[in-house]
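Visitor: I would like to learn how to read a model like this one. Please take me through it feature by feature.

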Amino acid sequence: MCKNRSFVTKRGAILALVMAFTCSIVFGQNHFSGFAGIAGNMGADDDGKFQLTTDAFFAGQFDLLGVVLLRAEATVRTSNLVSSDVFDTVPASFTLDELSITARFPCCHATRYLSVFAGEYESIGSDLFLRRHFGILPIDSIITKTWAGRSDTSIYPFSTLGASYVLKLKTPQAFGFYFYTGKRNEQQRGNVDLRFAGIFPVVTVDFSVGVGFPITAGGSEGEKSLSLNRRTEFHTGLSSIIGNPHTASLFLQFGITKVILDPEENEKALRLSDLYFLLEPRFKADFMNFHFTLFNMPHQLTEDRFFITNPLGCNLAIFAENIYASIFNLTFGAHLTISAQGATLENFNDISTQDLSFRLTPFAETPIGNGTLMTRFTMDFMKFTEIHKSMKFTLGYRARL
């Protein structure tokens, strides 16, 4: 997930979560929904030493009288427990991924939503907007799924502080306007985006387009002032699924994270590294699923991912759903991923066999109680001499609150 979302103090984040749990008690279970989970990760570090880390998350929503929606989502990641004294203090990073409040105004044949948010909010590239407003099943690629059961990839994020206005029609279509500010490359930037999303008989689409501009502080004689820099950037993103998800479909994403509208001398308006795409044909036969994915993602979107570790590559996922074994309802399968370390569209011709990665990642999950138990294991067969360094195992459980 985006690293720049750790923008609030630890004390303020914990206070927000305490208030959230308090509200769930005050307003009752019927007005609260959410998920929580924990996972353990085992593997080797760059030096080949064994390490054990844990991840935990909480995501909750409070529906107050059908008028106001309060949402909070946070994650915690510990450092290596093996090298720490677990009976003393274990270093951990806390990230408040989303904190938002939304007011809903039904009127005539449309519903209006006015939101203010901190963190990352319904970014383009995630199916979160479609699921929240239209109630659809998840459509994101499974290679971007995290152990928590949600997609952790956005073409470009709507963050860090902002507001939005969404007009949802009676038909399954919605229009949105977003304004948000945050730091990018140590520079404060403002962004304005327009969005359209809709569900049609054979296609579901989520599209946004916007501009970003630096906000600089300056002035004369020590006086502070706020000004908008002329350096404006264009960005756009599209997520769509075409066809029937129960037989054959095509999931595609395309995005441009930055086009400089007024480039300086010897500066490119568009770089290949600023292109994002994911092309994924999907086929379903009885209980078997076959997904083939060709992807190019910015490096920060592949950091700490389980199924993909490099920005450019291809993936074949074969998995079965709803397989009953005794009392367990299993979903299991495997990913075969071919990619190259440090590879981008700009240096594609310079890729050597030493850079190649061939990963096998079996996975399985099953419902237990009010949640889901999942496990994943991965190894890179291109690292024969030190294959132990590429091995990683995750066991996690997430539950509905």
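This is a predicted model: local features need pLDDT of at least 70, side-chain atom pairs count only at pLDDT 80 or more; totals for chains, interfaces and linings use all residues.

Visitor: What can be said about contacts between residues at least 6 apart in sequence?

Guide: Of those contacts, 53% join residues at least 24 apart.

Visitor: Now the strands. How do strand 11 and strand 12 run?

Guide: They are antiparallel, and 11 bridges join them. Strand 11 covers residues 233-244, and strand 12 covers residues 248-260. The two form a hairpin, with 3 residues between them. Asparagine 244 stands opposite alanine 248 of strand 12.

Visitor: How should I think about side chains in a strand?

Guide: In a regular strand, side chains alternate between the two faces of the sheet. For a single residue, look up its own accessibility.

Visitor: Take threonine 257, then. Is it buried or exposed?

Guide: Threonine 257 is in strand 12. It counts as buried because its relative accessibility is 13%, and the cut-off for buried is under 20%.

Visitor: Which residues is threonine 257 in contact with, leaving aside its neighbours within four places in sequence?

Guide: Its contacts are Ile155, Arg184, Phe234, His235 and Asp274. Phe234 and His235 lie in the residue range of strand 11.

Visitor: Where is proline 362 placed?

Guide: Proline 362 belongs to strand 17, residues 356-368. Its relative accessible area is 33%, so it is partly exposed.

Visitor: What does proline 362 touch, not counting residues up to four places away in sequence?

Guide: It touches Gly333, Ala334, Thr375, Arg376 and Phe377.

Visitor: Which residues form a nonpolar patch on the surface?

Guide: Phe105, Leu114, Tyr165, Phe177, Phe179 and Leu194 form one, with about 570 Å² of accessible area together. One of them, leucine 194, is found in strand 8, residues 187-199. Leucine 194 is partly exposed because its relative accessible area is 48%, and exposed requires over 50%.

Key. Residues are numbered from 1 along each chain as its sequence is written. Side-chain values use heavy atoms; hydrogens and water are left out. Contact means heavy atoms within 4.5 Å. Helices (H or I, at least four residues) and strands (E, at least two) are DSSP runs, numbered from the N terminus. Buried means under 20% relative accessible area, exposed over 50%, partly exposed in between (1.4 Å probe, protein chains only). Patches are made of residues with over 30% relative accessible area and no salt bridge: like charges are joined within 9 Å, nonpolar side chains (Val, Leu, Ile, Met, Phe, Trp, Tyr) within 5 Å. Accessible areas come from the Shrake-Rupley method with a 1.4 Å probe; for residues, only the protein chains shown count as cover. A salt bridge is a side-chain nitrogen of Lys or Arg within 4 Å of a carboxyl oxygen of Asp or Glu. Two strands pair if DSSP finds at least two bridges between them.
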